[in-house]
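Open your viewer and get your selection tool ready.

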Amino acid sequence: MPTTESLSPAALLAVYTLALRIHLVDERFRGLLRSGRLAAVYYSPRGQEILAAAMGVHLNARDYLVTTYRGIHDQLAKGIPLRSLFAEYYGKATGACKGKGGAMHITHPASGVMVTTGVVGSGLPIANGLAWASQLKGEDRVTLCCFGDGASNIGAFHEALNLAALWKLPVIFLCQNNGYGECTPYGKATASARISDRAAAYGPNMLGVTVDGNDPEAMWTASAAAVARARSGEGPTLLEAKTFRFMGHYFGDPGAYIPKAEYDAALAKDPMPATRAAVLASGISEAELEDLKKQIEADIDDALQFALDSPVPDLDEINRDIYADPTGAPA
Ligand SMILES: Cc1ncc(C[n+]2csc(CCOP(=O)(O)OP(=O)(O)O)c2C)c(N)n1
């Protein structure tokens, strides 16, 4: 795990590799949905690949993740296996939740992906619970909690940040500020320019940082600091990563409420090609990046085929993993 202050060429490549994996999985899911080969709810993280990858490279499998419906980038950055992810989207028995969670509720404890919620803001108190458990057990685990700018205006946000600061919980609140909460622009719902400024209200244990989430170096450095802070027991960080959502809120939303000039300006700063250019400038060749892409595409092909070939869950699975004793479940 990198711990130095600035992003070395090797660390930049690690971030780009993870971001490319996220990017290609997202493209594949959108292609499957467009062509009718997959039926699922889907919230594209297009544009938010770099910030997730730059955080992900600092975490290990024992660390925890709590994320939202728009969380596929976070789950991949946390290391969820592609086969488990694809099979869950297809509702198959081999999926991360045996096909019972579905796209909105991806959970894979082996890789630390603990909860994916569709209720805006509900993940923050859950993240506190995980972080508190690690603290009580004296475990060296960091909990990463991802949510959007819209979620930061929910009451649970305040309650969670207050408690996390009070108890110095090993948690990182990563607000992915993509400029829109569903179809409401940031400025129509929030008066303060920076969400991270709110950290000051929770006292000295909470650090607030705003960073350009599209800048791999800035995001990598800020993530390293937040992880180190949580791991060493210094307390939580409210890390606001500024970014932009290139797709509509949900798959199928044309995003007509986003002004064209704003969209075009953001697209000109698309972090994926910009980071690719930075990787090339650091000495990696086009051919090496093509090989990398081919390898990831092959992994995705394998995961998709695995999902398609897998069985659906048996009917007797329906009460399992829900009640402690499935035999005593209500009929
Ligand atoms: C408690 C609650 N209120 C409203 C909704 C409907 N809803 C779903 S997503 C969303 C916008 C959330 O925006 P943000 O937190 O910025 O996340 P983003 O989707 O931009 O990543 C809303 C209002 C919900 N799911 N839960």
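Start by selecting Thr237, which counts as buried because its relative accessibility is 3% (buried means under 20% relative accessible area, exposed over 50%, partly exposed in between, with a 1.4 Å probe and protein chains only). Before going on, a word on what you are looking at: this is a predicted model, in which local features need pLDDT of at least 70, side-chain atom pairs count only at pLDDT 80 or more, and totals for chains, interfaces and linings use all residues. Residues are numbered from 1 along each chain as its sequence is written, and side-chain values use heavy atoms, with hydrogens and water left out.

Thr237 sits in strand β8, residues 237–242. Helices (H or I, at least four residues) and strands (E, at least two) are DSSP runs, numbered from the N terminus. Which residues does Thr237 touch, not counting those up to four places away in sequence? Show Val171, Ile172, Phe173, Met206, Leu207, Val209, Ala226 and Arg229; contact here means heavy atoms within 4.5 Å.

Next, go to Pro45, in the loop between α1 (9–34) and α2. Pro45 is buried too, with 1% relative accessibility. Leaving aside neighbours within four places in sequence, Pro45 is in contact with Asp26, Arg70, Ile72 and His73.

Now select two helices, α2 (residues 49–56) and α8 (residues 216–231), which pack at an angle of about 40° with their axes 8 Å apart. The axes are lines fitted to C-alpha atoms, for helices over the stretch in contact, and angles run from 0 to 180 degrees between N-to-C directions. The pair α2 and α8 is therefore oblique; angles under 35 degrees count as roughly parallel, over 145 as roughly antiparallel, 65 to 115 as roughly perpendicular and the rest as oblique. To see the contact, show Ile50, Leu51, Ala54 and Met55 of α2 together with Pro216, Met219, Trp220, Ser223 and Val227 of α8.

Most residues other than glycine have a negative phi. Lys98, not a glycine, has a positive phi of about 55°, and lies in the loop between α4 (82–89) and β2 (113–117). Glu182, also not a glycine, has a positive phi of about 55°; look for Glu182 in the loop between β5 (180–181) and β6 (184–185). Is Glu182 buried, partly exposed or exposed? At 48% relative accessibility, Glu182 counts as partly exposed.
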